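User: I am new to this structure and would like to learn how to read its features. Please give the general idea each time, then the case at hand.

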Amino acid sequence: MWLLNTSRGELRFFVSPQQVPSPGYAILSHVWGKDEQTFRDVQAISARYTLTEEAPREHLSFKVRNLCILAEKHGYAWAWGDTCCIDKTSSAELSEAINSMFRFYALAHACYVFLRDVPSNCILSDKDSAFRKSRWHERGWTLQELLAPKLVIFISSDWNVIGTKSELAYLLEEVTRIPISVLRFEEDL
């Protein structure tokens with residue numbers, strides 16, 4: 001499993017999620033956009049700044065850089081995002097990552113759900129709120145990314161915390177129809 005060092009934005013390989021030093025790693029859940037940075041992109045940026053004191057992180061995409069910044073702010077030295085931490089040119093690595101995805105999310109210490117289409121000033125309880133209508137709720141991957149991690153933190157389009165899965169459980173139950181008891185790990189899947 002490849003992870004980003006949150007302070008520098010450089011990739012490092014770990015044999016398994018359990019080998020990541022305490023407190024573990026943060027993971028990103030998001031909807032892909034046109035501006036996604038790949039594993040190869042991040043490697044190339046890192047190579048460009050290897051011999052300088054400048055951190056490659058400052059040259060990463062808005063989403064990847066902000067993932068690193070938020071994770072570091074919350075005390076994580078490592079972060080994972082599917083677009084930039086999987087070498088998709090390797091069919092073996094891609095297959096392993098897809099087959100391990102639920103486990104990656106379950107073993108993450110925190111999962112950040114970046115909602116590109118939800119502003120910070122969104123009134124969550126409104127019937128037609130941007131949160132309720134977010135594209136994130138419509139993706140197939142959302143199910144495992146919502147259910148596997150214990151701590152899920154929803155992030156607005158400008159990278160402000162909206163709330164946690166536990167805090168938003170009633171609203172999430174309305175939107176997803178997943179029972180609160182499942183969202184809060186009070187009931188087995």
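User: Which residues does Cys111 touch, not counting residues up to four places away in sequence?

Analyst: First, the ground rules. This is a predicted model, where local features need pLDDT of at least 70 and side-chain atom pairs count only at pLDDT 80 or more, while totals for chains, interfaces and linings use all residues. Residues are numbered from 1 along each chain as its sequence is written, and side-chain values use heavy atoms, with hydrogens and water left out. Contact means heavy atoms within 4.5 Å. Leaving out residues up to four places away in sequence, Cys111 touches Ile27, Ser29, Tyr105, Glu145, Pro149, Leu151, Val152 and Ile153.

User: Is Cys111 buried or exposed?

Analyst: Buried means under 20% relative accessible area, exposed over 50%, and partly exposed in between (1.4 Å probe, protein chains only). Cys111 has a relative accessible area of 0%, so Cys111 is buried. Cys111 is placed in strand E5.

User: How are strands put together into a sheet, and what is the strand order here?

Analyst: Helices (H or I, at least four residues) and strands (E, at least two) are DSSP runs, numbered from the N terminus. Two strands pair if DSSP finds at least two bridges between them. Here 7 strands form an open sheet with mixed pairing, in the order E2-E1-E4-E3-E5-E6-E7. The edges are strand E2 (11–13) and strand E7 (161–164); each has a single partner strand, so one side of each lacks a neighbour in the sheet. On average, neighbouring strands of this sheet are turned by 30 degrees against each other, direction ignored.

User: How many bridges join E3 to E4?

Analyst: Strand E3 (residues 25–29) and strand E4 (residues 78–80) run parallel and are joined by 3 bridges. Ala26 has Ala79 in E4 as its bridge partner.

User: Which strands does helix H2 lie across?

Analyst: For angles, axes are lines fitted to C-alpha atoms, for helices over the stretch in contact, and values run from 0 to 180 degrees between N-to-C directions. Helix H2 (residues 62–73) lies across strand E1 (2–5), E3, E4, strand E5 (110–114) and strand E6 (152–155), and runs at about 145 degrees to E5.

User: Which residues of helix H1 are buried?

Analyst: In helix H1 (residues 39–48), the buried residues are Phe39, Val42, Ile45 and Ser46. Viewed down the axis of H1, they fall within an arc of 130 degrees, so they line one face of the helix. That arc is taken over the directions from the helix axis to the C-beta atoms. The face of H1 turned away from the buried side carries the exposed residues Ala47 and Arg48. E1, E2 and helix H3 (82–85) are among what covers the buried residues of H1.

User: How many salt bridges does the structure hold?

Analyst: A salt bridge is a side-chain nitrogen of Lys or Arg within 4 Å of a carboxyl oxygen of Asp or Glu. The structure holds 10 of them. One joins the side chains of Arg116 and Glu36 (3.9 Å, N to O). Arg116 lies in the loop between E5 and helix H5 (130–133) and Glu36 in the loop between E3 and H1, so the pair ties together parts that are 80 residues apart in sequence. Glu36 is buried at 18% relative accessible area, whereas Arg116 is partly exposed at 41%.

User: Which residues are linked with Glu36 and Arg116 in a network of salt bridges?

Analyst: The network links Asp35, Glu36, Lys63 and Arg116. As another case, Lys133 and Asp128 meet in a salt bridge (3.8 Å, N to O), and both residues are exposed.
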